Amino acid sequence: MVLSTLPTLKSMHMGWMMAIYGITLILCLTSTGVTTTFAFVSRFENSKIFSKVENPVKRRMAISAFIIILSMTISLDGLTNIIKYGYGYCGYLAIAIVVVPFLTVGVYKNRKA
């Protein structure tokens, strides 16, 4: 059984708390978007792809716009589908990257030592 925040507040007749929850949620989403965009800009602003743009402000704006558009495009699929399929594929990828090398190279190194 899942107790979601908004239905719980609605059943408790706390309309004022629902407004505060909405404002807080928007602020959280905004701060997450800003920090994520900043991290991507600082990571990719010196990459070879964007080296043709000489003006650093325009380069940063282009990277920011690309990240925002990419994020919005991915979000159109829905968070449930992203989690459902993304985590599954990450698990398969982890088998190939972590488990198989551990079982082959790790076993070889342990027997060699």
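1. Worth a look first: the side chains of Glu-45 and Arg-60 are joined by a polar contact of 2.7 Å. Keep in mind that this is a predicted model. The two side chains also meet in a salt bridge, 2.7 Å from N to O. That pair ties together distant parts of the chain, with Glu-45 in the loop between H2 and H3, Arg-60 in helix H3, and 15 residues separating them. The structure holds one salt bridge, and on the general principle, side chains of opposite charge can pair when their charged atoms come close.

2. How exposed are the two partners? Arg-60 has 39% relative accessibility, so Arg-60 counts as partly exposed. Glu-45 counts as buried because its relative accessibility is 14%, under the 20% cut-off.

3. Leaving aside residues up to four places away in sequence, Glu-45 touches Arg-59, Arg-60 and Ile-63.

4. Have a look at H4 too. This helix covers residues 79-112, 34 residues in total, and spans 46 Å from its first C-alpha to its last, close to the 50 Å expected at 1.5 Å a residue. H4 has a kink of about 35 degrees, centred on Phe-102.

5. As for confidence, the protein has a mean pLDDT of 87, with 97% of its residues at 70 or more. Confidence is highest in H2, at a mean of 91, and lowest in helix H1 (residues 5-11), at 84.

Terms used: Residues numbered from 1 in each chain as written. Predicted model: local features only at pLDDT ≥ 70, side-chain atom pairs only at ≥ 80, totals over all residues. Heavy atoms only, no water. Buried < 20%, exposed > 50% of the residue type's maximum accessible area, 1.4 Å probe, protein only. Polar contact = N/O pair within 3.5 Å; in protein donor to acceptor, adjacent residues only side chain to side chain. Contact = heavy atoms within 4.5 Å. Helix = DSSP H or I, 4+ residues; strand = E, 2+ residues; numbered from the N terminus. Expected span 1.5 Å × (residues − 1). Bend = angle between axes of the 7 residues up to and from the residue. pLDDT = per-residue confidence, 0-100. Salt bridge = Lys/Arg side-chain N within 4 Å of Asp/Glu carboxyl O.
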